[in-house]
Each structure stands twice: as C-alpha cells, then as structure tokens.
Amino acid sequence: MTPFSAHDHAHMARALQLAERGCFTTKPNPVVGCVIAEGGRVLGEGWHERAGEPHAEVMALRAAGGRASGATAYVTLEPCAHHGRTPPCADALVAAGVTRVVAACRDPFYQVAGQGFAKLAAAGITVDHGLMEAAARHQNRGFISRIERGRPWVRVKLGMSLDGRTALEDGVSKWITSEASRADVMRWRARSGAIMTGIGTVLADDPRLTVRLAGDEAFVPPLRVVLDERGRLPAGAALLIDGAAPTLAVHGDDVVPDYGDNVDAFAVRRAGAGLDLNAVLSQLAQRGINELQVEAGATLSGALVAAGLVDELLLYVAPVLLGERGRPLLAGVTPASMADRIGLRLLETRQVGPDLRLLLAP
C-alpha cells in the first residue's frame, strides 16, 4: 500500500472539509472536495456545490489555473469517467497536466467504478487511493448505500423523555424537547433526500416536514414521504398545500386513492399490518434518495427497527419525566429475553440546549 506523506494527509483532510460544504445541495449526487497542491503549497480548492453544476475537480482546477500542471490532485471520491450532466473529471485532470491523483475512495457507481482511475493511469498519471477512505465513505454513506445496497441510508429521529416516553397518554408531544433541539433537527433534515412519516402522525399532528434554517444557507428541499397504506391522506394536510417541498404518498396495492394534483404516489404490496418497507426503500432509491430521515411515531419507527432497516438512530433526550402512562419510544420491539435485546453503538454524544443528542447505530 502507498505510504502517504504528512502533506497527503493534510490535503485530503482539507478536501473532506470542502466536500462537507455541499451536504445540503448536491443530492442526489455525492459530496466531493478537491485540493490541487504541490508539496505543502495549495494551488487551488473546490467542492461540488449542486447537481448539474461543475464537479469538485473542475472547480479546483479553475482556481489553480496553469499552476495545476505537474501538481497533485487530492479528491475525496474517484474522478468520474463518463459524460453525465457534466463532462468527465478524469479528462479535465489529464488536460490540466496533473501528474498524480490521490483519491480517498473508489466510486461504486457503475459508470465510474474504477474507470476513472483507469483513464488517469492510461494517461500516465500516478493514481493512489485509500487515504482516509473510511471518513470519505462515511461522508457519502447515503450515496454509497443507494448504489451498493439499492436502498437509502435510513436515519430515525426520535425525541424522548428521560423515562423513554415520546408523548403523554393522550398523544400530546409538543414539546418534549427544546427549541434548540428542534433547530438542530433542521440541519439533519437539510442533508436528507427525503423525510418519511406515517399517516398516523399526519392525522394526529398535521406536520409540514419542511426545512427551516436560520440565515440564508442554501439547501435542496427534501422530498416528503407519507406511508398511507389505506389511502387516508386528507386533501387539506399541511404538507400537501404549502408547496414548500414535493410530497410523495405510498399506499397499498389494493387501494386506489385520489390524491389530486399536489402529490405523487406509488403502490407497494402489504406486509403484515403495514406496507412492505423493503419495497418502499427500494422505490425511494430508484428516485435518487441517498439519505432518508424518518420522523414518525412508535409504530413506523418500531417496524423499521424490528426489520433491521435502521442505519442510525438520532435520539434527543430531554430532562423531563412523562410517567408510566406516556407513550413508548418504539412499538412492536419485544425481545423475549436479554439475549434477544437490540444492541446499539454510541457514535456521538452532544448537548443541544438542555437536551442530550445521541447518535447511535445497530
């Protein structure tokens, strides 16, 4: 394996930072950052800002100009080798005269998948990859999940009291968590390709499921998805009439609902008491959804956990107690013994206002 230098590590770390700037705007494309450098000297930087616009390599090459000849390009994902909405980045690197390309990871998309590296090598450019690969794959976990697994990366967002309750006995849940936590959720929404909920939540709370950020940060509004197995989504629902983001309803294949013109829809087969969740996720992947954020009640959240379809749990814990009659965090998750309990890995802990934010993975 190539022994990467301290300069290599520093430039790739910077490229990963640059890539993150596109996390609200590049979907369905991956986020990518690029640094053009010679030794320890940075000649140009760039990142992919929006689907259909120039990729990170092109932006960095523009910044470097003629100085790119003979330099090294550090890029967080394998340069593309095909004509999509933009020309191949591998061709741009060859034309600029770079002599070495260091990539964090291979692009699994079938039109790239090693072809970018091959095109660079055929032009006599030294190609090294694998530097900070784990960080780069995690940064693009949604895109990689969609390409490699055929389904989005699924993140379930939940808010609960210290005693594990999500609402009072009568269903009232506004507000368990703080305003700071609700603002924090908006940033997770902004990076998601879609926000999914169940019809029960829509009928009970009439949510808008939109992104509301402070300031003027750009973002692509995530698709709003409602699992509506029996076709009960009311025409007056807020997420149908506000126009802030597109809405998609998923219903059972044994009903023919009339949603009107403000909502797209598709049918999937039933599975038990609900819809086939694997089929739902597959359909969303085909629509270009990389990261799916689920904001739903205990039934849908519990069904996803029980089915092993949750990649991350985003849990906000408020320093309040709702008592034994409060509604539970998850429904339908009933391990028969301690040996059957669902184990989670704690990835991150952060205080948000008075609340504790936990990021967990199975």
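Author: One cut-off before we start: a residue counts as buried under 20% relative accessible area, as exposed over 50%, and as partly exposed in between. Keep in mind that this is a predicted model.

Now the backbone. Most residues other than glycine have a negative phi, and most peptide bonds are trans. You'll find Met132 in the loop between β5 (126-129) and α5 (133-139). Its relative accessible area is 26%, so Met132 is partly exposed.

Leu209 is another non-glycine residue with a positive phi, about 55 degrees here. The loop that holds Leu209 runs between α8 (199-205) and β9 (223-227). Leu209 is buried, because its relative accessible area is 4%.

Then there's the peptide bond to look at. Lys27 and Pro28 are joined in cis, with omega at about 10 degrees. Pro28 sits in a loop as well, the one between α1 (6-20) and β1 (33-38).

On to the rings. Arg21 lies over the face of Trp47, 4.7 Å from the ring centre. Arg182 has its charged end over the ring of Trp175, at 4.3 Å from the centre. If you were hoping for ring-on-ring pairs too, with centres within 6.5 Å, the count of aromatic pairs is zero.

Notes
Residues are numbered from 1 along each chain as its sequence is written. This is a predicted model: local features need pLDDT of at least 70, side-chain atom pairs count only at pLDDT 80 or more; totals for chains, interfaces and linings use all residues. Side-chain values use heavy atoms; hydrogens and water are left out. Helices (H or I, at least four residues) and strands (E, at least two) are DSSP runs, numbered from the N terminus. Buried means under 20% relative accessible area, exposed over 50%, partly exposed in between (1.4 Å probe, protein chains only). Rings of Phe, Tyr and Trp (its six-membered ring) pair if their centres lie within 6.5 Å; planes under 30 degrees apart count as stacked, over 60 as edge-to-face and the rest as tilted. A charge sits over a ring if NZ of Lys or CZ of Arg is within 6 Å of the ring centre and within 35 degrees of the ring normal.
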